[in-house]
Amino acid sequence: MVAISNGQGGEQGWSSRSAFILAAIGAAVGLGNLWRFPTLAGESGGGAFVIFYIGCVFLLGLPLLLAEIFIGRAGQTDAVGSIRRVAEQSRVSKRWSLFGGLGALAAFLIVSFYSVVAGWVLYYAGVFAADFGSAVLAGDPFRGALAGESQEQIAGRMGNLFADPMLLLSMHFLFMGATLFIVARGVSGGIEKAATWLMPAFFVLLIAITIYGAFVGNLGEAAAFLFTPDWSKLTPEVMNSALGQALFSLSLGVAGIITYGSYIREGTKLGSTAAAIAFADTGVALIAGLMIFPIVFAVGLDPAAGPTLVFQTLPFAFESMPAGSLIGLLFFVLILVAAITSSISLLEVPTAWGVGELGWSRTTSALVFGAGAFAIGVLCLLGYNVLSDVRPLGFWSIFAETDILDTVDGFTGKIMLPLGALFTSLFIGWRADRRLLETTTGLSRGMFTLWRFLLAWLCPIAVTIILVTGLFPSLLGAE
């Protein structure tokens, strides 16, 4: 193993290009792929949304992904320090580094509520683990899930969870504790080891459950729903959702890829690496659709069930399917793996900032930011019960009816992430030194010209649309 100095007071770095790719895929693949993408695809009518989403990934997401990897590789330190170094080498204002701080703050806020939502996944994994254990003890390991429970009882689990602050708190504590432990162990000793073990397990589970769904579910109807476009459903609102999902899914705008990029070994081909990450991330989202929708259609459920699709609709399906108890357990373990790899990357961003900018030890930085995110998460989960009447930004029309968690989620997703992506595209597309970009990325002349053009023109326009329509949804005809 050859380590590189990341400018943070120690030898930290990925042991290989494949280690970085696995870690970056882990950062990108998360609840956005396995929960948010099927939810949006179902609500948006399927095929037209999916095809437009794929176009957005490769015309907008991939250029921004490569831009963030470049910043990290050229800067070799935390997000703020890396942008500052690229600005210095490009002889432009170091104040561009402020958008690195914006990204670090966004990552810190996102991991706070992300841990709460991942706690729901942990709870359901526990429910299905207990159910499968009961099935094994009863001598029927391949029975349907949650035997003896009515659909009302299954649907009521979510509400019961939300009404129990101590249960929510314990799940949040366990998940955040696991995230903090891995990040505190460092890049090679924690994050890389987690990625190299968890991501192969993730792909095995994903393929296995998809094959199961293809045999017991309605694969033909699911494929037609996902890949046969009804262009009349491609409304401005649907296009905007697809555009936002393309950036959200690749974990752009939160400086996570910049931070991970700072640990890349010299000589790594950045263009092909970025393409591999984008292809893998998009592939996971599409396979997730082919995993979930055959099961949904086979039992006659509504593909447009919305955010309840994973936590309420699918448990109904597992109840009536062969081996539903086992498959339900594996399904929530799959989502849990995706959630932990993403939360690691989110907590790593402020942790690296504390190490690089404040001179803290990694352990101290991880503890400070992990504890801070946990505290904000506690407020988020209390927003479902004892603080359910609290509206933190109630004076703002777009947040007037949102609880604490949805307010933090909405503020980061509608404002902070688009701003981070916008500043990234403007900085690399217009201000970064051309020679530095060419030598570091190693792109051919034609690919470099196309990449810089997309960053300078198409990305800023598209991201500005996301930002403006997020702040003023009436422009899309939404309430």
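In this predicted model, threonine 351 touches Val183, Arg362, Ser365, Ala366 and Phe369, once neighbours within four places in sequence are set aside. Threonine 351 sits in helix 14 and, with a relative accessibility of 0%, counts as buried.

As for geometry, helix 7 (residues 165-184) packs on helix 14 (residues 324-358) at about 55°, and the axes lie 9 Å apart. The two helices are therefore oblique to each other, and the crossing of helix 7 past helix 14 is right-handed.

Turning to charged pairs, the model has 6 salt bridges. One of them joins arginine 143 and aspartate 131, at 3.7 Å from N to O. Aspartate 131 is in helix 5 (98-137) while arginine 143 is in the loop that runs between helix 5 and helix 6 (151-162), so this pair links parts 12 residues apart in sequence. Both arginine 143 and aspartate 131 are buried.

Another salt bridge pairs arginine 434 with glutamate 438, with 3.2 Å between the closest N and O atoms. These two are 4 residues apart in helix 17 (residues 434-441), which means about one helical turn separates them. Arginine 434 is partly exposed at 39% relative accessible area, and glutamate 438 is partly exposed at 30%. Glutamate 88 and lysine 94 also form a salt bridge, their closest N and O atoms 3.9 Å apart; glutamate 88 is partly exposed at 41% relative accessibility, as is lysine 94 at 44%.

Note on methods:
Residues are numbered from 1 along each chain as its sequence is written. This is a predicted model: local features need pLDDT of at least 70, side-chain atom pairs count only at pLDDT 80 or more; totals for chains, interfaces and linings use all residues. Side-chain values use heavy atoms; hydrogens and water are left out. Axes are lines fitted to C-alpha atoms, for helices over the stretch in contact, and angles run from 0 to 180 degrees between N-to-C directions. Angles under 35 degrees count as roughly parallel, over 145 as roughly antiparallel, 65 to 115 as roughly perpendicular and the rest as oblique. A crossing is left-handed if the near helix is turned anticlockwise from the far one by less than a right angle, and right-handed if clockwise. Buried means under 20% relative accessible area, exposed over 50%, partly exposed in between (1.4 Å probe, protein chains only). Contact means heavy atoms within 4.5 Å. A salt bridge is a side-chain nitrogen of Lys or Arg within 4 Å of a carboxyl oxygen of Asp or Glu.
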